[in-house]
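Reader: I am new to looking at protein models. Could you show me how to read the way helices pack together?

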Amino acid sequence: MLDLLTTLDAWLIAPLTDYAFMRRALVGGLALSLAAPPLGVFLMLRGMSLVGDAMAHAVLPGVALGFVLAGFSLPAMSLGGLVAGLLVAGLAGSVSRMTGHREDSAMASFYLISLALGVMLVSLRGSSVDLTHVLFGSILAIDDTALWLIASVASATLLVMALIFRVLVVECLDPLFLRGQGIRGGLVHGVFLGLMVLNLTAGFQTLGTLMAVGLMMLPATTARFWSQRLEGLIGLSILIAMVSSTGGLLVSYHLGLPSGPCIILVAGLAYLASALCGRHGSLLARVRRRATPLETDEKTCTPS
């Protein structure tokens, strides 16, 4: 028993208590896990899951411009990413309204342009190492400034979502009813996109611009296999994100692997396991549902 406790301490606790950079990474990951997954739940309910990925790429030119002008300055890169993300969201909406094209197709077009522009800007000023840092992040390298930024974004996101929660739910389920009540759905949509850009901007320092959306969407889609109620989806998605952040950090520490990809891969494993064994809509649930009528028919046909 003592050996088991010693092993568990060495694997689960010691890396977090012995190293300050691991503690900072854990706090940053947990803060992102509080705010990003609820946004992913609403993106999933709106049928906009891929828009999150598009917006994650949209912040890249602003982050790259901040890097070109000020180097690895977190305030400059974060401000640039926020402005670029909001600008792309506004441009996609404007193009959609003026041309009649779907907003998601306009978003996809702008994100491809943004990705190419961001990579070109970083390549002009920095090296391949700098480009890797911007694209994939470095959660083990975050400092106190980054932690304050992530904590502030997470707190603001939770506060705003609490204020507009009911409106968000109605806007997802029945936007025509919302319009009939005199509430501008476009304003709510804009606030929601702004929160998404804020979280993607906060997440680029830890997971990079390419993977920041992973902690937003994977826990949300995983929770869908276990709950059909909105509060259950939000609670489970936060829990899954927290476990993924903690587990990914520990796996990366013990195996010497990059932390960001490990966090997303742990969340991905949770998704695959849920797709196989979850309560709702999984492979196992479908097999059980198909088998149940057969069992009922056999019992009905059995002579007394």
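Author: Gladly! Let us start with a pair: helix H4 passes helix H5 in a right-handed crossing. Keep in mind that this is a predicted model.

Reader: What are the angle and the axis distance for H4 and H5?

Author: First the general idea. Two packed helices are described by the angle between their axes and by the distance between those axes. Here H4, residues 60-70, and H5, residues 74-99, pack at an angle of about 145°, and their axes are 6 Å apart.

Reader: Which residues of H4 and H5 meet?

Author: A helix has a repeat to look for. An α-helix has 3.6 residues a turn, so residues three or four places apart point the same way. On the H4 side the meeting residues are Gly62, Val63, Gly66, Phe67 and Ala70. Their partners in H5 are Ala76, Met77, Gly80, Gly81 and Ala84. Sorted by class, this contact of H4 with H5 has six nonpolar, four polar and no charged residues.

Reader: Which residues of H4 are buried?

Author: In H4, the buried residues are Leu60, Pro61, Gly62, Val63, Ala64, Gly66 and Phe67. Just after H4 comes Gly71, with a positive phi of about 70°.

Reader: How do I read a nonpolar core?

Author: In soluble globular proteins, nonpolar side chains tend to be buried together. In this model the largest nonpolar core has 43 residues, and Phe42, Met55, Met196, Leu200 and Met216 have the most contacts inside it. Its largest share, seven residues, comes from H10. Apart from this core lies another, of 20 residues, among them Ala31, Ile139, Ala202 and Ile264.

Reader: What is Met216 in contact with, beyond its neighbours within four places in sequence?

Author: Its contacts are Ala36, Pro37, Leu39, Gly40, Leu43, Met196, Asn199 and Leu200. Met216 is also one of the buried residues of H11. That helix, residues 214-223, is mostly covered, with eight of its ten residues buried.

Reader: How far apart are the C-alpha atoms of Val213 and His57?

Author: They are separated by 9.4 Å, although Val213 and His57 are 156 residues apart along the chain.

Key: Residues are numbered from 1 along each chain as its sequence is written. This is a predicted model: local features need pLDDT of at least 70, side-chain atom pairs count only at pLDDT 80 or more; totals for chains, interfaces and linings use all residues. Side-chain values use heavy atoms; hydrogens and water are left out. Axes are lines fitted to C-alpha atoms, for helices over the stretch in contact, and angles run from 0 to 180 degrees between N-to-C directions. Helices (H or I, at least four residues) and strands (E, at least two) are DSSP runs, numbered from the N terminus. A crossing is left-handed if the near helix is turned anticlockwise from the far one by less than a right angle, and right-handed if clockwise. Contact means heavy atoms within 4.5 Å. Ala, Val, Leu, Ile, Met, Phe, Trp, Tyr, Cys and Pro count as nonpolar, Asp, Glu, Lys and Arg as charged, and the others, Gly among them, as polar. Buried means under 20% relative accessible area, exposed over 50%, partly exposed in between (1.4 Å probe, protein chains only). A nonpolar core is a set of buried Ala, Val, Leu, Ile, Met, Phe, Trp, Tyr and Cys residues joined through side-chain atoms within 4.5 Å.
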